[in-house]
Amino acid sequence: MKIGSRTIKTALGTPIAIWIAQWIGLDNFASAGIVTILCIQATRKKSLLSAWHRFAACMVAILYSYIFFEAMIGFNPAAIGVMLVLFIPTTVRLKITPGIITSSVIILHLYTFNEITLSIVWNEFLLIVIGIGIALLLNIYMPSLENNLEEYQIEVESYFSVILKELAAYLKEEKYTWAGEELTKTAELLEKAKALAFREVENHVLRAHHPYYHYFHMRTKQFELLERMLPLVIRISQHDKYAQKIGAFFEELSEAVHPGNTAVIYLKELKELRDYFKEEPLPESREAFESRASLFQLLNEIEDYLIIKRSFKKSDV
């Protein structure tokens, strides 16, 4: 059973928040631990947003509680119902709905006191500040995901290499037995990698970009093109001499799947291939014509594949 850093921080922060609240003599001191649990999130950015939502919602809750309990209806269950009818839409309007649960706890605290004084409001304010403060302090530390992202990168590139080699093998050989399982694995891996890269982006509050996030986005666009190439490759006759040349080109590409940018070299080779095919005589049979049409369309897809890589700036990846 794997225990994550968020679990450890929750287990550590909750008793600390409760101990501090109890030590300074606050009523309902256990609620500080509840606030800490709710504010510890998977990323720094989410933690800050969670803290803001809960703090703002609690301040609104204290104001509404005073208006409805002290100034209007009084301390009875009907007052809670009427207040929530107005309070919840207010949080929606202010875009602080994640704070509804925490603020509801504060509302019920104030209700059980049967009065709202400055000392009671101060008590609730400190519970919120302690709970949020401990969570934010613990969330300063976030384990780096760079090693995991690098592993995903290596794995994605290995799958890309296999797919390109298999496309080359189909074009060059008459016997072909590839099941295509790398396609499914690559799609799943790219989704996981992008999600992890996005988490790393959110761990850097002042940075909206991350090289790995752009890298996996680039590979996703390339993978979509690889999937589009498959039916085109199948339509090209394996007996066609041009299929051998394209197959050799795919084999070259399979050996050059890495973070570095060598797309310019292959774009130049691709242009030479295109010029060579244009100088060849037109096909005479319908089957040969359809094969040639698929071939030229395949060249366009390969070109787009290489252009996407050329436009990618390597940065730190």
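**Close-up views of a predicted model**

**View 1. His109 in helix 5.** His109 lies within helix 5, which spans residues 100-113, in a model that is predicted. The residue is buried, because its relative accessible area of 9% falls under the 20% cut-off. The side chain of His109 is joined to that of Ser31 by a polar contact of 3.0 Å. Leaving aside residues up to four places away in sequence, His109 touches Asn28, Ser31, Glu124 and Leu127.

**View 2. Packing of helix 7 against helix 8.** Helix 7 (residues 146-172) and helix 8 (residues 181-202) pack with their axes 10 Å apart and at an angle of about 155°. Helix 7 is therefore roughly antiparallel to helix 8, since angles over 145 degrees are counted in this way. The crossing of helix 7 past helix 8 is left-handed. From helix 7, the contact is made by Glu146, Asn148, Leu149, Tyr152, Glu155, Val156, Tyr159, Phe160, Val162 and Ile163. Helix 8 contributes Glu182, Leu183, Lys185, Thr186, Leu189, Leu190, Lys192, Ala193, Leu196, Ala197 and Glu200. Sorted by class, the contact of helix 7 with helix 8 comprises 13 nonpolar, 2 polar and 6 charged residues.

**View 3. Packing of helix 10 against helix 11.** Helix 10 (residues 241-254) packs with helix 11 (residues 263-279) at an angle of about 180°, and their axes are 12 Å apart. This angle makes helix 10 roughly antiparallel to helix 11. On the helix 10 side, the residues in contact are Lys241, Tyr242, Lys245, Ile246, Phe249, Glu252 and Leu253. They meet Tyr266, Glu269, Leu270, Leu273, Tyr276 and Phe277 of helix 11. By class, 9 nonpolar and 4 charged residues form the contact of helix 10 with helix 11, with no polar residues.

**View 4. Trp19 in helix 1.** Trp19 is found in helix 1, which covers residues 5-23. With a relative accessible area of 53%, Trp19 is exposed, because the value is over the 50% cut-off. Trp19 and Phe29 are separated by 10 residues in sequence, and their C-alpha atoms are 8.0 Å apart in space.

Note on methods. Residues numbered from 1 in each chain as written. Predicted model: local features only at pLDDT ≥ 70, side-chain atom pairs only at ≥ 80, totals over all residues. Heavy atoms only, no water. Helix = DSSP H or I, 4+ residues; strand = E, 2+ residues; numbered from the N terminus. Buried < 20%, exposed > 50% of the residue type's maximum accessible area, 1.4 Å probe, protein only. Polar contact = N/O pair within 3.5 Å; in protein donor to acceptor, adjacent residues only side chain to side chain. Contact = heavy atoms within 4.5 Å. Axes fitted to C-alpha atoms, helices over the stretch in contact; angles between N-to-C directions. Parallel < 35°, antiparallel > 145°, perpendicular 65-115°, else oblique. Nonpolar A, V, L, I, M, F, W, Y, C, P; charged D, E, K, R; others polar. Left-handed = near helix turned anticlockwise from the far one by under 90°.
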